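The following note sets out comments on the model under review. The points proceed from the overall fold to a single residue.

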Amino acid sequence: MRSGEILFEQNAHQQRQIASLTKVFTALLVIENIKNLDEPVTITEEALNVDGTRVGCPNTGMCIGNQLVVGEKVRVRDLLKAALMNSANDAITALGIHVGKGSEQVFVDLMNRRAKELGLNDSHFCTPSGLEIDGHEQDCYSSAHDIARITVEALKYPVLWDIMRIQSETISSVDGTKTHDISNTDKLLGQIPNLLGTKTGFTPLAGYSLMAAVSDNQGERKVVAVVLDD
């Protein structure tokens, strides 16, 4: 992270779909734009109208817990937990709509402007979640190199990595009337020493992907690894 030295790369700039690794970038923009992580977010119908993993539904088509409902107010911090731990598409979409002042497209435009500012020349984002848009799948892409760059930027905000290392947690609506159980998709927790955190991703087009960050024993040197479609 500190030097930017590339230790190994293979097809690092190949533009391809990256699925939920996109959520690391969305979370970074949320942190950059919202200073109070206890700020409430109102869940909209648009946020809930997404496919794949959602709060209460850890796998597509398998709902085993309480789901978010329209009008529910949830803290930014808790939606980040659902998005980064359980890869919930509704939670991260709700955050994007909130930062975009009610518009997912406004947030996507922000993503692509910020990507240019960071020099992410291999990337074009379509959604906060990383889900591809039907009929426009080839317009939604990034690269292993760009995801590694995004990760380095995100490492400036320890709160994101504290969240990624939580094994499981129960989040609640602001008024406390609704609760939601969240579990981490990261099977490397407790398996790799000095693991800072990971993010998993999958769509049929993107394949299985992983971003992981680890430090040395002193916490001085941090290394980021990204593997796409493996």
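1. Which pattern does the chain follow when read along the sequence? In this predicted model, the order is α-β-α-β-α-α-α-α-α-β-β-β-β-β. The secondary structure amounts to 7 helices and 7 strands.

2. As to overall dimensions, the chain has a radius of gyration of 16 Å, which agrees with the value near 17 Å that a compact globule of 230 residues would have. Along the principal axes, the C-alpha atoms occupy a box of roughly 50 × 40 × 35 Å.

3. Burial and contacts may be read together. Of the 230 residues, 50% count as buried. When contacts between residues at least 6 apart in sequence are considered, 65% of them join residues at least 24 apart.

4. Concerning the surface, the accessible area of the chain is about 11300 Å², and carbon and sulfur atoms account for 48% of it. The chain carries 21 positive and 30 negative side chains, with the centres of the two sets 6 Å apart.

5. Thr198 belongs to strand 5, which spans residues 195–203. Is Thr198 buried or exposed? Its relative accessible area is 2%, so Thr198 is buried, the cut-off being under 20%.

6. Leaving aside residues up to four places away in sequence, Thr198 touches Met164, Asp186, Leu188, Leu210, Met211 and Ala212.

Conventions:
Residues numbered from 1 in each chain as written. Predicted model: local features only at pLDDT ≥ 70, side-chain atom pairs only at ≥ 80, totals over all residues. Heavy atoms only, no water. Helix = DSSP H or I, 4+ residues; strand = E, 2+ residues; numbered from the N terminus. Rg over C-alpha atoms; globule rule 2.2 N^0.38 Å. Buried < 20%, exposed > 50% of the residue type's maximum accessible area, 1.4 Å probe, protein only. Contact = heavy atoms within 4.5 Å. Areas by Shrake-Rupley, 256 points an atom, 1.4 Å probe, with all protein chains shown as cover. Lys, Arg positive; Asp, Glu negative; His and termini not counted. Charge placed at Lys NZ, Arg CZ, Asp CG, Glu CD.
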